[in-house]
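Welcome! Please take a look at the sequence and the structure shown here, and then read on for a short tour.

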Amino acid sequence: MLTLLAVLLLVNAAFNAIVWPRFLKRIADDPRARDAEGRRTRFYAVHAVLITAALVIAAVSAVAAIVVLVVG
């Protein structure tokens with residue numbers, strides 16, 4: 001059962017590590033990401049925070065999976 005949990009956590013980590021950086025690129029290219037003077041907008045900032053949180057959760061998931069697999 002713990003091995004299944006570890007695999008699920010690794011799949012979660014891999015999914016987040018693959019998907020969210022691509023999404024950040026799309027957000028950065030979105031016209032709403034910059035104002036008329038070229039400064040980043042709240043649209044960009046909010047999405048950057050959400051993506052950062054998702055990547056932190058992915059890292060924690062990967063570490064937890066490795067701990068479960070090693071300890072056991």
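## A salt bridge to begin with

Lys-25 and Asp-29 form a salt bridge, and their closest N and O atoms are 2.8 Å apart. The term stands for a side-chain nitrogen of Lys or Arg within 4 Å of a carboxyl oxygen of Asp or Glu. Because Lys-25 and Asp-29 are 4 residues apart in helix H1, about one helical turn separates them. An α-helix has 3.6 residues a turn, so residues three or four places apart point the same way.

Both partners count as exposed: Lys-25 has 53% relative accessibility, and Asp-29 has 55%. Here, exposed means over 50% relative accessible area, buried means under 20%, and partly exposed is in between, with a 1.4 Å probe and protein chains only.

## How to read the model

This is a predicted model, in which local features need pLDDT of at least 70 and side-chain atom pairs count only at pLDDT 80 or more, while totals for chains, interfaces and linings use all residues. Residues are numbered from 1 along each chain as its sequence is written, and side-chain values use heavy atoms, with hydrogens and water left out.

Glu-37 and Arg-39 are exposed, the value for Arg-39 being 51%.

## Helix H1

Helices are DSSP runs of H or I with at least four residues, and they are numbered from the N terminus. Helix H1 covers residues 2-29, which is 28 residues. From its first C-alpha to its last, H1 reaches 41 Å, close to the 40 Å expected at 1.5 Å a residue. The expected span is 1.5 Å times one less than the number of residues in the helix.

Which residues of H1 are buried? They are Ala-6, Ala-13, Asn-16 and Ile-27. Their cover includes helix H2, residues 42-71.

## Helix H2 and its partner

H2 has 30 residues and reaches 43 Å from its first C-alpha to its last, close to the expected 44 Å. Its buried residues are Tyr-44, His-47, Ile-51, Ala-54, Ala-58, Ser-61, Ala-65 and Val-68. What do they pack against? The buried residues of H2 pack against H1.

With a relative accessible area of 7%, Ser-61 is buried. Leaving aside neighbours within four places in sequence, Ser-61 is in contact (heavy atoms within 4.5 Å) with Leu-9, Asn-12 and Ala-13.

The UniProt record, in an unreviewed entry, lists residues 44-71 as "transmembrane region". Positions from that record are given in the numbering used here, feature names are shortened, and annotations may be inferred rather than shown by experiment. Over residues 44-71 the model is 100% helix and 0% strand, with the end C-alpha atoms 40 Å apart.

Leu-10 lies in helix H1 and counts as partly exposed, at 34% relative accessibility. Not counting residues up to four places away in sequence, Leu-10 touches Ala-62, Ala-65 and Leu-69. Leu-10 and Ala-65 are 55 residues apart along the chain, yet their C-alpha atoms are separated by 6.1 Å.

Leu-10 also belongs to a nonpolar patch on the surface, together with Val-63, Ile-66, Val-67, Leu-69, Val-70 and Val-71. The accessible area of the patch is about 670 Å² together. Which helix gives the most to the patch? H2 does, with 6 residues.

## After H2

Gly-72 follows H2, and its phi is positive, near 90°. This glycine is exposed, with a relative accessible area of 65%. Leaving aside neighbours within four places in sequence, Gly-72 is in contact with Leu-2 and Val-67. Gly-72 and Leu-2 are 70 residues apart along the chain, and 7.2 Å separates their C-alpha atoms.

Definitions and conventions:
Helix = DSSP H or I, 4+ residues; strand = E, 2+ residues; numbered from the N terminus. Patch = residues over 30% accessible without salt bridge, like charges linked within 9 Å, V, L, I, M, F, W, Y side chains within 5 Å. Areas by Shrake-Rupley, 256 points an atom, 1.4 Å probe, with all protein chains shown as cover.
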